[in-house]
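I opened my notebook beside the sequence and the model, and I wrote down what I looked up, entry by entry.

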Amino acid sequence: MTSAVTPPKTYSPRRRHPDEQSRRPGTFQTAPATPPSPKRQHQKQPQTSSTQAPLVALTGVNKTYTNGSQALRDINLQIKRGDFLFVTGPSGAGKSTLLKLLYGQERATAGDILVDGQHLAKLRGNRLAMLRRRIGIVFQDYKLIPRRTVAENVSFVLWAQGYSRKEINRRLRPTLRMVGLQHKASSFPDQLSGGEQQRVSIARAVVSTPPLLLADEPTGNLDVDNSRQVIKILEKLNSIGITIIITTHDEQLVRSSSHPVVQIQDGRLTYVRH
Ligand SMILES: Nc1ncnc2c1ncn2[C@@H]1O[C@H](COP(=O)(O)OP(=O)(O)OP(=O)(O)O)[C@@H](O)[C@H]1O
Ligand SMILES: [Mg+2]
C-alpha cells in the first residue's frame, strides 16, 4: 500500500487562499539577501553533452495522431544551444504538436528526435522524467495552481524534485525578481493580472534553470504591452544561455524581433528567417 504524499519537513506550511474557511497566516520564507545570479545558477547545471552538438535535432519526423490526423510531415530542424527560435503558422498547422514531441508528451510516428543528447524514442519512465526536468514549459493559459501563492507555485517544482528549503529559498527571490514579481510572492493567481500570471508561469518554468524553455503561445492571451514584456523576459533568459523555442500567431511580435523564424503549414516546416 502506498502512503499519502506529505510535504517534507523542509517545506513551510502553505498560505491559505482567502476563500478557505480556516485561515492561517503564511510562513513561506523568502530568499537570503545575497542570492546567486541566474547566470551562476545556470552554469552549475551538469553538461551532459558536447556544447558543439545541437541541443535539439529533428530528422525526418512525422506525427500522425491515432484518429488519422497528420500533424507533422518530414520535419528536419536543428536548434543550437543558446538559440532563440520563433515557430509561426496558422491554427492547426502543428506548432503545439512540435513542442509536445520535444518534451515527450506525444511520440513521433516516424523519424528521430534528439533533445539534450538523448534520443526520445528510446526514453521511457524515469529517464524521460529526468529529461523533462531539464525542459521548462510555458503555456498560453498559465496553468497555475489556483490555491497556492505565487511563491508556492514557483517553488513547487523544486520541492517536487527534492530540493531543500534552503536551496528553494536561494532560488526563489532572484527568479521572482527576474520576472518583476518579487512584491507579489504572497499573492494568489486570481489576485494577479493576466500578464502577471504569465510571468509567474515563466518563473516556475525557469526556477530550476533548465537549458531549454518551450513556450506555446505565451502571449496568446496578452495585450501588446504585456506581450512585449514576456518577450523581453524570454530574451533576458536567452542572454544567460537558456535556449528558447516559442510558438506564436502574432506576426507583429515576430516582425519586431530579429530572431530566427520557422513556419509550419499543413505540418510542413520551412525557414522564414535564419
Ligand atoms: N490529441 C490529438 N488527437 C488528434 N488530433 C490532434 C490532437 N492534437 C492535435 N491534433 C490535430 O493535429 C493538427 C495540429 O494541431 P496543433 O495543436 O499542433 O496545431 P497548432 O499549430 O498548435 O494550432 P493552434 O495555433 O490553433 O494552437 C490539427 O489538425 C489538430 O486537429
Ligand atoms: Mg497550438
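**Helix α7, both sides**

I began with the exposed side of α7, where I found Asp225, Lys232 and Ser239; a residue counts as exposed if 12 or fewer other C-beta atoms, placed from the backbone, lie within 10 Å of its own, as buried if 20 or more do, and as partly exposed in between. I note that this is a predicted model, in which local features need pLDDT of at least 70 and side-chain atom pairs count only at pLDDT 80 or more, while totals for chains, interfaces and linings use all residues. Residues are numbered from 1 along each chain as its sequence is written, and chains are lettered from A and ligands numbered from 1 in the order in which they are written.

I then looked up the buried residues of α7, which are Ser227, Val230, Ile231, Leu234 and Leu237. They lie on the same side of α7 because they cover an arc of only 115° around the axis, the arc being that of the directions from the helix axis to the C-beta atoms. I recalled that an α-helix has 3.6 residues a turn, so residues three or four places apart point the same way.

Next I asked what the buried residues of α7 pack against, and I found α6 (194-206), β7 (212-216), β8 (243-247) and α8 (251-255). Helices (H or I, at least four residues) and strands (E, at least two) are DSSP runs, numbered from the N terminus.

**After the helix**

I saw that α7 is followed by Gly241, whose phi is positive, near 110°.

Terms used. Contact = placed C-beta atoms within 7 Å.
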